[in-house]
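Dear colleague,

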Amino acid sequence: MDSATIRKKFLDFFESKGHNIVPSAPLVLKNDPSLLFTNSGMVQFKDSFLGNEEPQHNRIADTQKCLRVSGKHNDLEDVGLDTYHHTMFEMLGNWSFGNYFKKEAIAWAWELLTDIYVLPKDRLYVTVFGGDKKDNLPVDTDAENLWKQHIAADRILHGNKKDNFWEMGEQGPCGPCSEIHIDLRSDEEVKKKPGKELVNNDHPQVVEIWNLVFMEFNRKADGSLEKLPAQHVDTGMGFERLCMAIQKKTSNYDTDVFRPLINFIALHADNYSYGDDAKKDIAVRVMADHIRAVSFAIADGQLPSNTGAGYVIRRILRRAVRYGFSYLNFKEPFIYRLVPLLALQLKDVFPELHQQEDYVTRVVHEEEISFLRTLEKGIRRFEEVLPIESEIMDAEKVVVARTVEEMSNTMINSDIKFKILQNKEVPGYFAFELYDTFGFPLDLTSLIARERGFIVDEKGFKEEMQKQKSRSKIDAVKETGDWIVIGTDQKTEFIGYEKLESEIRIVKYRKVKQKNKELFQLVFNKTPFFAESGGQVGDKGVIESPNEKIEIADTKKENELIVHFAERLPESFNSTFTAKVNQHKRELTKDNHSATHLLHAALRQVLGKHVEQKGSLVNEKMLRFDFSHFAPMTSIEIDKVESIVNEKIRANIPLIEQRNVPIDKAKSLGAMALFGEKYGEFVRVITFDPKFSIELCGGTHVSATGNIGLFKIVSESSVAASVRRIEAVTAEGAQEYVNGYIAVVHEIKTLLKNPKDFIVSLQNLIEEKQLLEKKLEGVYQAQANVLKDELALKAIKSNGHTLILEKVSVPNSDTLKNIAYALRNQFDDLLLVLAADIEGKPQVAVMIGEKLETTKKFHAGNMIKELAKEIDGGGGGQSFFATAGGKNLAGLDNVLIEVRKLLK
């Protein structure tokens, strides 16, 4: 049975049991502060479990893309090393929201596994919650007795709280769970040791395939449990493990989920077949797994970056590149070639990748190019501190003597190199520097070190890694109290499309503390405050009662719960408050948001239909719009886009707003749905001329385009591979921007004595300046030639080389450099150190002649880093020439003194 059939049978089975089949939510989360990625099937239904929204159906099933690489569920370092961990995986699941419970969930799970998939009953085991004294919870005898109707009692095992009590997080819905495990070992192995002894013991062939969670409790901030008002079922079955079991494989990677990718990688690796080499096999598994996570994250809207979720995606991709680079000899970009294969494989179940295949391929390709460059830099950095062969052979002499000339080649890196020579070990802190700065994994550092006969201080590396994790945890610590409900808890009604002011009641609140700042989150029965979403920032304003006024500093969504942030609580919660949105800020934000819709449509008209929104930021000051495009926009294209938007503004096109439109109908109207956004069955459609702009959008907008006033593009730049960014201003912001430029023009005209044509005057001024600079260069060159000759006369012979040590004054750094090169051409055994005063700023130059350089007695780059300390500066360069700048002009004399000391 192939994987596509396995997936279809699951969905068909639960559809026959009255479940509504829903699509996978995006891999990347937008409104959940507790998670970066969807890490389980239940995440998209979190609000239903939390009571923030009514589920659209009380029975649901789906296959969900999941990613576990950060937070509690962090499997990244295990991926590829074993046969069953993954970054991205599919989770098949069925849910009941207050409908059926344990009886049906258990019976249907058994029916599907044994009757539909025909898994051997004598290889299955189940676990039930064995109780917990701390939480005062008994054994889940209900589940145990229900299982006895299907499976022998000796195959029902009691599990502890860690394995058999599922919790959403430190707070929130939770409950006992029942896991189904399968023993995939050979008959011979089963006879030696029963599978029940290996359940939940990390055996690669005795694995959990399905977890049935029975949610009936809520974990409070103080750790106590309370009963939920309704009982729910949340099940999750690992699709890849299920395929392994049904296809009778011993590894997830041997199933048809991964083999097409694995075969392609092995085909293009040098003289290698999968299964021939354990280390290469790991590399292949890493690459096959990681391209899935990276591709779908990008398709769902998350570009690789240096922060947040983007950093996680970049880290996954770089891990794959490193393994290919280190073990499969992929020195050029390769992983991007897997994207079309993956897109074709999953186009029927997850079409978003197939629809964006070219775009995702471009992004991955550019990321690979960039990281391979970084790897080269890291290798060069490593080579700087690894001792060369002559130093290794003469290690004892280096350790004991370390005279200036002997160690001048390692001046800057001498501490690290000395420790390597002394201990035959690369220090842990340096291994961590390579990891943190250049993305070197510990195994790559160890590989390069072993080639030179050294080991790596792994303990020290782990200590540095733990220090970094501890710093991150301190930054991320967030204390969240329990919700305090006032009166009757209820879902907040958003009335902000029509009203900016309304009477409201506070229905619940809680205290949050992060980075030593204490805030309060307030939830109202209804609100005119727009919560940050879809790129639009949240509203600010106040809530007022007759006795007090409280500032609302921000409004955000936590899943679907609208939360208002305040620095203090009201004195009385029983008051009726008037909520007032900052109207001026809202109006300007609306201008910018509607302008993004016009901009999007104009870009597609000018550049082509391949343009898709990839991100946006809309506030009262400006708009930022990221979009897919393969090249920088020309000035002509920018002008054309800007003109189209302003034409639509002047046309004063009225807004057409449609609410609660069925998603399929909205798409049939031509509404643009954005990849990576989660849409419900009913959506809001925003139209500015049906022939120009129709989008699905929940943001606030102008009633007619004329309200925007003026649109002006401020910049166009690159964000990532094949992603461009436009920043623009509208209304007051555009007026201020244009007025600012007009003011600059007036200032220039005044400085030029108000010429008739100030452009011509500017051009003449520039030409005059260039002519004078050319004449000045001639003067400088003549002075440099005189100075060079004077320095040559001061040269002395010392220890077999020509030595020039002088303090000089020169007009610029180019003159200093030219003098140094001229003297190098004159003396092939030159050792030159110049301490230069360049218009009151200190600079030092070290130059070594061609003949002297071959002796390796001196290294200009390393010497300059030591000498730079005397002028409170820093610098670097090559082995024969280097420069340094600094802040301490008085230190120039000390530079020459220090050199003379070193040469004694």
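This is a predicted model: local features need pLDDT of at least 70, side-chain atom pairs count only at pLDDT 80 or more; totals for chains, interfaces and linings use all residues.

I begin with helix 13, which covers residues 357-385 and packs with helix 18, residues 428-438, at an angle of about 160°, the axes of the two being 10 Å apart. Because angles over 145 degrees count as roughly antiparallel, helix 13 is described as roughly antiparallel to helix 18. The contact draws on Phe371, Thr374, Leu375, Lys377, Gly378, Arg381, Phe382 and Val385 from helix 13, while helix 18 brings Phe430, Glu433, Leu434, Thr437 and Phe438. Sorted by class, the residues of this contact between helix 13 and helix 18 are seven nonpolar, three polar and three charged. The crossing of these two, helix 13 and helix 18, is right-handed.

Helix 13 also packs with helix 9, which spans residues 278-299, and here the angle is about 120° with the axes 10 Å apart. That angle makes helix 9 oblique to helix 13, and helix 9 passes helix 13 in a crossing that is right-handed. On the side of helix 9 the residues that meet helix 13 are Ile291, Val294, Ser295, Ile298 and Ala299, and on the side of helix 13 they are Tyr359, Val360, Val363 and Val364. By class, the contact of helix 9 with helix 13 has eight nonpolar residues and one polar residue, with no charged residues.

Is arginine 319 buried or exposed? Arginine 319 lies in helix 10, residues 308-327, and it counts as buried because its relative accessibility is 3%, where the cut-off for buried is under 20%. If its neighbours within four places in sequence are left aside, arginine 319 is in contact with Leu76, Glu77, Val79, Val286 and His290.

Helix 3, residues 102-116, has 15 residues and reaches 20 Å from its first C-alpha to its last, which is close to the 21 Å expected at 1.5 Å a residue. The buried residues of helix 3 are Lys102, Ala105, Ile106, Trp108, Ala109, Trp110, Leu112, Leu113 and Thr114. Just after helix 3 comes valine 118, with a positive phi of about 55°. In helix 19, residues 442-451, the residues Leu442, Leu444, Thr445, Ser446, Ile448 and Ala449 are buried, and just after helix 19 glycine 453 takes a positive phi of about 85°.

Such backbone angles deserve a word of background, since most residues other than glycine have a negative phi. Because its relative accessibility is 62%, asparagine 660 counts as exposed.

Lysine 753 is another residue other than glycine with a positive phi, in this case near 65°. The place of lysine 753 is the loop between helix 24 (731-751) and helix 25 (758-793), and at 71% relative accessibility lysine 753 counts as exposed.

Technical notes:
Residues are numbered from 1 along each chain as its sequence is written. Side-chain values use heavy atoms; hydrogens and water are left out. Axes are lines fitted to C-alpha atoms, for helices over the stretch in contact, and angles run from 0 to 180 degrees between N-to-C directions. Helices (H or I, at least four residues) and strands (E, at least two) are DSSP runs, numbered from the N terminus. Angles under 35 degrees count as roughly parallel, over 145 as roughly antiparallel, 65 to 115 as roughly perpendicular and the rest as oblique. A crossing is left-handed if the near helix is turned anticlockwise from the far one by less than a right angle, and right-handed if clockwise. Contact means heavy atoms within 4.5 Å. Ala, Val, Leu, Ile, Met, Phe, Trp, Tyr, Cys and Pro count as nonpolar, Asp, Glu, Lys and Arg as charged, and the others, Gly among them, as polar. The expected span of a helix is 1.5 Å times one less than its number of residues. Buried means under 20% relative accessible area, exposed over 50%, partly exposed in between (1.4 Å probe, protein chains only).
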